[in-house]
Amino acid sequence: MRTEDFWQLIDRAREGGGGESDAVAARAVALLAERDPEEIVGYAHHQQRVLAASYRVDLWGAAYLINGGASADGFEYFRGWLMTQGRAVFARAVADPDSLAELSRVRAASLSGEEFQCEAMLVVPWEAYRKATAAELPADRDPVPVPDLNDFWDFDDEEEARRRLPRLAALFVEPPAE
């Protein structure tokens with residue numbers, strides 16, 4: 001599956017989903033299950049590439065600020081949610097995690113405490129393959145390596161958060177006492 005096909009399927013799943021990430025994931029399963037099993041396998045491999053590309057410390061820091069914490073699983077689920085936002089938002093967030101402060105839902109979450117996670121998006125290819133074939137998705141013969149996170153920083157360090165993610169920190173970190 002080509003990159004364009006991967007994101008087009010997600011865009012189609014977003015149509016009529018009302019912006020709810022679990023609805024996008026369910027629609028993605030239904031759309032993907034209509035395709036040939038080889039395409040579903042290709043989707044799964046491409047999803048792994050997308051997740052590996054987004055496995056970045058600065059994006060993890062953004063997820064931590066936005067969601068009020070992010071374990072390893074929580075970061076995975078956050079990236080699942082991020083996929084449901086579409087290619088442009090995803091790419092911009094990977095390139096500049098602080099850009100997430102521009103999203104109206106993220107700004108609103110700074111007041112509401114809403115968290116952004118979508119575990120269901122991570123299992124789309126497995127669910128679609130099972131639905132299409134009544135079998136389990138074959139293991140990836142060419143697994144995508146996950147990058148090493150060398151530049152970890154203390155996400156609870158408010159000054160470091162302000163330095164690395166100033167727009168998100170302005171929303172989610174209490175301003176310094178004067």
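Student: Before we start, what should I know about the numbers?

Tutor: Residues are numbered from 1 along each chain as its sequence is written, and side-chain values use heavy atoms, with hydrogens and water left out. The model is predicted, so to speak of a local feature we need pLDDT of at least 70, and side-chain atom pairs count only at pLDDT 80 or more, while totals for chains, interfaces and linings use all residues.

Student: Okay. Which residues touch the most other members of the largest nonpolar core?

Tutor: General idea first: in soluble globular proteins, nonpolar side chains tend to be buried together. A nonpolar core is a set of buried Ala, Val, Leu, Ile, Met, Phe, Trp, Tyr and Cys residues joined through side-chain atoms within 4.5 Å. Buried means under 20% relative accessible area, exposed means over 50%, and partly exposed is in between (1.4 Å probe, protein chains only). Here the largest core has 56 residues, and Phe78, Leu82, Leu100, Met121 and Leu168 touch the most other members.

Student: What does Leu82 contact beyond its sequence neighbours?

Tutor: Contact means heavy atoms within 4.5 Å. If you skip residues within four places in sequence, Leu82 is in contact with Leu59, Val89, Phe90, Ala93 and Leu100.

Student: And Asn67, is that one buried or exposed?

Tutor: Asn67 has a relative accessible area of 5%, so Asn67 is buried. You'll find Asn67 in helix 4; helices here are DSSP runs (H or I, at least four residues), numbered from the N terminus. Not counting residues up to four places away in sequence, Asn67 touches Phe78, Glu114, Glu115, Phe116 and Gln117.

Student: How do I look for empty space inside?

Tutor: Rolling a probe the size of a water molecule over the atoms shows where empty space is left. On a 1 Å grid over the protein atoms alone, a cavity is a set of points where a 1.4 Å probe fits but cannot get out, whereas a pocket is an open set with protein on both sides within 12 Å along at least five of seven lines; lining residues have an atom within 4 Å of a point. Grid points are joined across faces, edges and corners, and a volume is the space filled by probe spheres set on the points.

Student: How many cavities of 30 Å³ or more are there?

Tutor: One. The largest cavity holds about 30 Å³ of space, and Val89, Arg92, Ser99, Leu100, Glu102 and Leu103 line it.

Student: Which residues line the largest pocket?

Tutor: Val41, Ala44, His45, Gln48, Trp126, Leu137, Pro138, Ala139, Asp140, Arg141 and Asp142 do, around a space of about 220 Å³. Helix 3 (residues 37–53) gives the largest share of that lining, four residues. Sorted by class, there are six nonpolar, two polar and three charged residues (Ala, Val, Leu, Ile, Met, Phe, Trp, Tyr, Cys and Pro count as nonpolar, Asp, Glu, Lys and Arg as charged, and the others, Gly among them, as polar).

Student: What about the second largest pocket?

Tutor: Its volume is about 170 Å³. Helix 1 (3–14), helix 3 and helix 6 (87–95) each supply at least two residues of that lining, which includes Trp7, His46 and Phe90.

Student: How many aromatic pairs are there?

Tutor: Rings of Phe, Tyr and Trp (its six-membered ring) pair if their centres lie within 6.5 Å; planes under 30 degrees apart count as stacked, over 60 as edge-to-face and the rest as tilted. The count by this rule is 13. Take Tyr55 and Phe75: their ring centres are 6.1 Å apart and the planes meet at 40 degrees, so the pair is tilted. Tyr55 is in the loop between helix 3 and helix 4 (57–67) and Phe75 is in helix 5 (residues 72–84), so the pair ties together parts 20 residues apart in sequence. Tyr55 is partly exposed at 21% relative accessibility, whereas Phe75 is buried at 1%.

Student: What kind of pair do Trp153 and Phe155 form?

Tutor: An edge-to-face one, with 4.8 Å centre to centre and 85 degrees between the planes. Both Trp153 and Phe155 are buried. Ring pairs link Tyr55, Trp60, Tyr64, Phe75, Phe152, Trp153 and Phe155 into a cluster.
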